[in-house]
Amino acid sequence: MKKTLIIFSMILALCSCSHNSMGSEETIAVDTGYSSVQMLSATPIVTLSQTTTISETPPKTIAPSQTPFERTNVMNNPKIVIHKSERMLYVYDDDNLCAKFKIALGFAPEGHKQKEGDGKTPEGEYYICTKNDKSNYYLGLAVSYPNIIDAGVGLESGLITQSEYDKIESAINSGKRPPWDTALGGEIVIHGSDASCDWTAGCIAAENSDIDYLWENCHVGTPITITP
């Protein structure tokens, strides 16, 4: 009987203690980034020292290189194949796959580039027509757009003149950089910076480490095939 009374008394004491604790109100100070907000709570004071901010730009997601095998670093006959729908760039030495990695395209990626400012990435057969080690986006390997087919379509539609067509045709037949100052647009480049989303004006963007690989292994004249 005495043991029962002792246990019962202990339970009452604990309940009384808990009730007194719950009855005391304390203040939480929260820094929301605008002003300090005071709230009543039954818990001790907590101060959030870091300011909460909201950004309109989503955080950058680094796109990892897609390399399930060891890259080949010495190639005799390199060529680049880009599949736009896959957002992937493949590097071959003849028919042997040497590397592949994720890319980003123009802000309007569907369809073939037809004119300056349309935000599209071209489709067709091209080549590296120049290399730029002072690119605003790390390093740049320029694509020989517009090619003769692009120029023919532009001439037929009235976007370019016969003289402009002739200059593009001459440059392509000579393996040089075609004019970039016509209504067809130009300066389409495989360059670095970020491959997490389609953001360029028509260029092909990759991560800098992948551009390093292309820079070291693909020379001026390397064929480029771009498919839908």
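N147 caps the N-terminal end of helix α2 (residues 148-157), with a side-chain oxygen placed 3.1 Å from the backbone nitrogen of I149, where helices are DSSP runs of H or I of at least four residues and strands are runs of E of at least two, numbered from the N terminus. The model is a predicted one, in which local features need pLDDT of at least 70 and side-chain atom pairs count only at pLDDT 80 or more, while totals for chains, interfaces and linings use all residues. Residues are numbered from 1 along each chain as its sequence is written, and side-chain values use heavy atoms, with hydrogens and water left out.

Within α2, the buried residues are D150, A151 and G154, buried being under 20% relative accessible area, exposed over 50% and partly exposed in between (1.4 Å probe, protein chains only). Seen down the helix axis, these buried residues fall within an arc of 95 degrees, so they line one face of α2, the arc being that of the directions from the axis to the C-beta atoms. On the other side, I149, V153 and E156 are exposed.

Leaving aside neighbours within four places in sequence, I190 is in contact (heavy atoms within 4.5 Å) with residues including I80, L139, I211 and L214.

How values were computed
A polar contact is a pair of N or O atoms within 3.5 Å; within protein, one must be able to donate a hydrogen and the other to accept it, and residues adjacent in sequence count only if both atoms are side-chain atoms.
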